[in-house]
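Here is a short briefing for a first look. Please have the sequence and the 3D view open as you read.

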Protein chains: 2
Amino acid sequence: MVRIKVMKAVSAKNDEIAAGIRAELAEQGIKALNIISSPGSGKTTLLERTIAHFAPEIRSAVIVGDPFTANDAKRLEIAGGNAFQLNTEGSCHLTAPMVRAALDEMNLSGVKLLFIENIGNLICPAAWYLGETARATLLSVTEGTDKVDKYRRAFLIAHCVVITKTDLAPSCDFDLEKATTDIQSLNSSVTVLPLSATTGEGLDAWYDWVQQHLL
Amino acid sequence: MVRIKVMKAVSAKNDEIAAGIRAELAEQGIKALNIISSPGSGKTTLLERTIAHFAPEIRSAVIVGDPFTANDAKRLEIAGGNAFQLNTEGSCHLTAPMVRAALDEMNLSGVKLLFIENIGNLICPAAWYLGETARATLLSVTEGTDKVDKYRRAFLIAHCVVITKTDLAPSCDFDLEKATTDIQSLNSSVTVLPLSATTGEGLDAWYDWVQQHLL
């Protein structure tokens, strides 16, 4: 019981800080996207493509969460992103205080799009609000069709579900139709976007979604 | 500070229950393997193959952890496993008390091998001891070579690292040599076993490892 009470207090404090972040970003005309997925589902690769697609007209910044290393921030720096690495030292999700600390050190002048690449984990990040405008959950075809129902919270809270690595679908027995139906029966208002960042198939629909919801 | 203190108490209680599980399994001549990976890395498929390989001479049982659904326990039942589903209702890792509760309801008569399929998460399960004899961490080639360093705790605490889905390696730019070096530089005593449960390549070395360490 003690643990639950403490967790509730931590969560309430998180939401208060998240609300502050949301208000501040709105004031600066910045839209933020919280990106959630398992490890290796293609968050960083999709961000590399997306930032490059909208540059230089639209300036992006990225907060990259990882349990250890700063490799992703380096990749996004090369792709033109203003990237800030948040290392959680093994913790399994980002929190609003972590994002607050990152924002305090970032230069967001001229930035329109803020991507928050959450820790690679399909469970915990779905429970922590960071002050974002919208949430995108990624599922790679290599993970399997059954993951929608098993990790349902990540799909319930998403505004957009991106099915990644569709070029590998023939080798993976992934049922796109069933996955889409399952996602939409959990969350009727969600957009489902299959794509391959390798072949480029489906990327235009994703860019359209970003344009429409975040710009 | 309160949260840390409470978490330490929870963790100490967990380890006490885990020690009890370990002693009880040893008394019954049962070896337990805690299996850790991201969602969709192939834990259930590898278990289907392994249980079928050792049956009927060696009787196995499985505790299957999932945030939601009981699909995996059903799959393993078909494969001849004595499978018990633990649903964590969204929680991100198994704990010793959860395993204790499962064991209290399972019939382990004649069982030699107990597989504990942890929640699909490469972070939190690495921090919770369940009373197992050994730990196997799975990494699929589709997740990428860089995941070793990022999710290093899961590799640090493993007795065996299984690189899965090697049939997909040519499409995935996975560097097996680098991954193996990275894993062994984190953990010099670990065995690294690349395999494909689809083509069967590498399965014999895995069965040998199970035979040597758990039978």
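Where in chain A does Gly81(A) lie? Gly81(A) is in the loop between α3 (71-78) and β3 (82-87) of chain A. This is a predicted model, in which local features need pLDDT of at least 70, side-chain atom pairs count only at pLDDT 80 or more, and totals for chains, interfaces and linings use all residues. Residues are numbered from 1 along each chain as its sequence is written, chains are lettered from A and ligands numbered from 1 in the order written, and side-chain values use heavy atoms, leaving out hydrogens and water.

Helices (H or I, at least four residues) and strands (E, at least two) are DSSP runs, numbered from the N terminus.

**Around Gly81(A)**
- Gly81(A) counts as buried because its relative accessibility is 2%; buried means under 20% relative accessible area, exposed over 50%, and partly exposed in between (1.4 Å probe, protein chains only).
- Leaving aside residues up to four places away in sequence, Gly81(A) touches Ile51(A), Ser60(A) and Leu76(A) (contact means heavy atoms within 4.5 Å).
- Thr50(A) is 31 residues from Gly81(A) in sequence, and their C-alpha atoms are 9.9 Å apart.

**Strand β6(A)**
- β6(A) spans residues 160-164 and is mostly covered, with five of its five residues buried.
- Cys160(A), Val162(A) and Thr164(A) point one way, while Val161(A) and Ile163(A) point the other way.

**Partners of β6(A)**
- β5(A), residues 134-140, pairs with β6(A) in the parallel sense over five bridges; two strands pair if DSSP finds at least two bridges between them.
- Ile163(A) in β6(A) stands opposite Leu139(A).
- β7(A), residues 191-194, also pairs with β6(A) in the parallel sense, over four bridges.
- Val192(A) in β7(A) is the bridge partner of Val161(A).
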